[in-house]
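Work through the exercises below with the model open. Try each task before you read its solution.

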Amino acid sequence: NEFSKYISVILPVYNEVENIVPLYQELMDVLQKTNQSFEILFVDDGSSDNSLSIIKNIQQTNSCIRVVEFRKQFGQTAALAAGFDLAKGEIIVTLDADGQNDPADIPKMLDELEKGFDLVCGWRYRRKDNWLLRVLPSKLANALISMLTDIKLHDYGCTLKVMRAEVAKRLDLYGEQHRLIPALISWYGVTITEIKVNHRKRVSGKSKYGMDNNIKASIDRLTGNISLSHIKDVVEKI
């Protein structure tokens, strides 16, 4: 089977103390059912709550868990870039740590990748967020990014993505460029698809990574000032 491959799941975490354990349990259940080898790579983005301690406790009970610690908050782009650099798997899965992305969607995205795509993007077609504060700005940003690039997607802001590691590791992300991953990857001539995924209401905590500042971020993506070389200087591997 071509897809008996090692999977790396990358989870950027910033102050998600109440969501980490439930999401971890869901992920373990889903990943074990794939019958493939995997790792879960938590990237703690300088959390000021007890998130890092919880992650370290989980790591002590499970050899599949790896932890990266930032000494201060550098943002989701930096967290994903560090995850891409350190991931051991041939397939990379990214999702948010707030529990709104549904791990149950991962198998069907892996199946889509098996059809020959290099990147499978999630489309939160029924978003469970405030329409005025979250959904509308997201729609405007998606339209703007699609207008400025050759890749037309419904949902650039969905962190839930599955991609081939050789593609992800080519990326040198800056600033807020994690939202532009499909466009950046397309420059390498790879194939991209988008599928509908489940989106859930946030149960605990409040949003930190999102598209509330999408319009500014969309314009600013190509001029960010955090590169992977900078990330390596501030990261601690645990």
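Predicted model: local features only at pLDDT ≥ 70, side-chain atom pairs only at ≥ 80, totals over all residues.

Residues are numbered from 1 along each chain as its sequence is written, and side-chain values use heavy atoms, with hydrogens and water left out.

**Exercise 1.** Decide whether Ile7 is buried or exposed.

Solution. Ile7 has a relative accessible area of 0%, so Ile7 is buried (under 20%; exposed is over 50%, partly exposed in between; 1.4 Å probe, protein chains only). Contacts (heavy atoms within 4.5 Å) beyond four places in sequence include Phe38, Ile91 and Leu110.

**Exercise 2.** Find where the buried residues of helix α4 (residues 106-114) lie.

Solution. List them: Ile106, Met109, Leu110, Glu112 and Leu113. Down the axis of α4 they fall within an arc of 155°, so they line one face; the arc is that of the directions from the helix axis to the C-beta atoms. Their cover includes β1 and α1 (20-33).

**Exercise 3.** Classify the two aromatic pairs.

Solution. Ring centres of Phe, Tyr and Trp (its six-membered ring) must lie within 6.5 Å; planes under 30 degrees apart are stacked, over 60 edge-to-face, the rest tilted. Phe70 and Phe74 have centres 5.8 Å apart and planes at 85°, so the pair is edge-to-face. Trp123 and Tyr125 are also edge-to-face, at 6.2 Å and 65°.

Key:
Helix = DSSP H or I, 4+ residues; strand = E, 2+ residues; numbered from the N terminus.
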